[in-house]
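Hi everyone, thanks for coming. Let me put a model up on the screen, and then I'll walk you through a few parts of it.

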Amino acid sequence: MLFLVLYCSGWFSRSPDNTLMAEYLASHGYVVVTVPQLGTGSTIFDFKVTEDRLITQVKDLQFALDYVATLSNIDKEKIVSAGYSIGGIVQLWLSQQDERIKALV
């Protein structure tokens, strides 16, 4: 069974921004899932942090978790959420709304 890490990056980061970390974790038996953190749209680059944008990120990660949790090789008892910068707030909100999250980094 593989451990799952939901990764929440800093504001307006894109998934490739932390590829090295994800590759390292994957090489040690983790599945890393992340979604781009671009606010409510992918073409409007407004760096303002608002509650609705944070909620959008939480919902995007929940959607990804719902899908990945259907895979038979994922250990559903050891799901971790990790984040930095605004991603730290997002992963905290996610963990408060989803009891499948067992640990925070």
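What you see is a predicted model, so local features need pLDDT of at least 70 and side-chain atom pairs count only at pLDDT 80 or more, while totals for chains, interfaces and linings use all residues. Residues are numbered from 1 along each chain as its sequence is written, and side-chain values use heavy atoms, with hydrogens and water left out.

Let's begin with strand β1, residues 2-8. Helices (H or I, at least four residues) and strands (E, at least two) are DSSP runs, numbered from the N terminus. β1 is largely enclosed by the rest of the structure, because five of its seven residues are buried. Here buried means under 20% relative accessible area, exposed means over 50%, and partly exposed is in between, with a 1.4 Å probe and protein chains only.

Which strands pair with β1? Two strands pair if DSSP finds at least two bridges between them. β1 and β3 run parallel, with six bridges; one example is Leu2, whose bridge partner in β3 is Ile74. β1 is also parallel to β2, residues 30-34, through five bridges, and there Phe3 has Tyr30 as its bridge partner.

Now for the core. A nonpolar core is a set of buried Ala, Val, Leu, Ile, Met, Phe, Trp, Tyr and Cys residues joined through side-chain atoms within 4.5 Å. In soluble globular proteins, nonpolar side chains tend to be buried together. The largest core here has 19 residues, and Leu4, Leu6, Leu65 and Val90 touch the most other members. Two or more residues come from each of β1, α2, β3 and α3, and α2 gives the largest share, six residues.

Take Leu4: beyond residues up to four places away in sequence, Leu4 touches several others, among them Val31, Leu65 and Ile79. Contact means heavy atoms within 4.5 Å.

Finally, please find Leu104, in strand β4, residues 101-104. Is Leu104 buried or partly exposed? Leu104 counts as partly exposed, because its relative accessibility is 42%. Leu104 and Val5 are 99 residues apart in sequence, yet their C-alpha atoms are 9.5 Å apart in space.

Leaving aside neighbours within four places in sequence, Leu104 contacts Ser81, Gln91, Leu92 and Ser95. Gln91 sits in helix α3 and is buried, with a relative accessible area of 7%.
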